[in-house]
Amino acid sequence: MRAIFVMMKVEPGALADVADRVTDLESFSEAYSISGAYDLLVKLYVDDFEDLSHLVTEKIQKIPHVRETFTILTFHAFK
């Protein structure tokens, strides 16, 4: 499995609702509210890039109040 991170811009006042919806995803690992250009950072795990495409476009981007996503792919984990 490959770890990925998705940063999300969320409509004002909807961060808790979006975070709750994200935690229901099967591939969910962790979520954090963050400062800067994005509001939410989510760590997920996928088996392959096809799963990633489906997860982002069919699941995450369709969550109400999600305005924008930015996906970060990981290659190697260091200890």
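Modeller: Look at Glu30, which stands opposite Lys43 in S3. Strands here are DSSP runs of E with at least two residues, helices are runs of H or I with at least four, and both are numbered from the N terminus.

Biologist: Before we go on, what kind of model is this, and how are residues numbered?

Modeller: This is a predicted model, with residues numbered from 1 along each chain as its sequence is written. Local features need pLDDT of at least 70 and side-chain atom pairs count only at pLDDT 80 or more, while totals for chains, interfaces and linings use all residues; side-chain values use heavy atoms, leaving out hydrogens and water.

Biologist: Great. How many bridges do S2 and S3 pair over?

Modeller: S2 and S3 pair over 5 bridges, in the antiparallel sense. Two strands count as paired if DSSP finds at least two bridges between them. In the hairpin of S2 and S3 there are 6 residues between the strands, and Gly36 there takes a positive phi near 110°.

Biologist: And what is the strand order in the sheet?

Modeller: The order is S2-S3-S1-S4, an open sheet of 4 strands with antiparallel pairing. Its edge strands are S2 (28-33) and S4 (66-73), each pairing on one side only. On average, neighbouring strands are turned by 20° against each other, direction ignored; axes are lines fitted to C-alpha atoms, for helices over the stretch in contact, and angles run from 0 to 180 degrees between N-to-C directions.

Biologist: Which strand does S1 pair with over 7 bridges?

Modeller: Strand S1 (residues 2-10) pairs that way with strand S3 (residues 40-46), in the antiparallel sense. One example is Met8, whose bridge partner in S3 is Leu40. Helix H2 (residues 49-60) packs on the sheet and touches S1, S3 and S4, with its direction at about 165° to that of S4. Contact means heavy atoms within 4.5 Å.

Biologist: What about H1, which residues are buried there?

Modeller: In helix H1 (residues 15-23), the buried residues are Val18, Ala19 and Val22. They cover an arc of only 100° around the axis, so they sit on the same side of H1. That arc is taken from the directions from the helix axis to the C-beta atoms. These buried residues of H1 pack against S1, S2, S3 and S4. Buried means under 20% relative accessible area, exposed over 50%, and partly exposed in between, using a 1.4 Å probe and protein chains only.

Biologist: Switching topic: how many aromatic pairs are there?

Modeller: The count is 1 aromatic pair. The rings of Tyr38 and Phe70 have centres 6.1 Å apart and planes at 45°, so the pair is tilted. The rule takes rings of Phe, Tyr and Trp (its six-membered ring) with centres within 6.5 Å, and planes under 30 degrees apart are stacked, over 60 edge-to-face, the rest tilted.

Biologist: Why does that pair tie together parts that are 32 residues apart in sequence?

Modeller: Because Tyr38 lies in the loop between S2 and S3, and Phe70 in strand S4.

Biologist: Are those two buried or partly exposed?

Modeller: Tyr38 counts as buried at 13% relative accessibility, and Phe70 is partly exposed, with a relative accessible area of 42%.

Biologist: Last one: where is His65?

Modeller: His65 lies in the loop between H2 and S4. Phi of His65 is near 80°, a positive value in a residue other than glycine.
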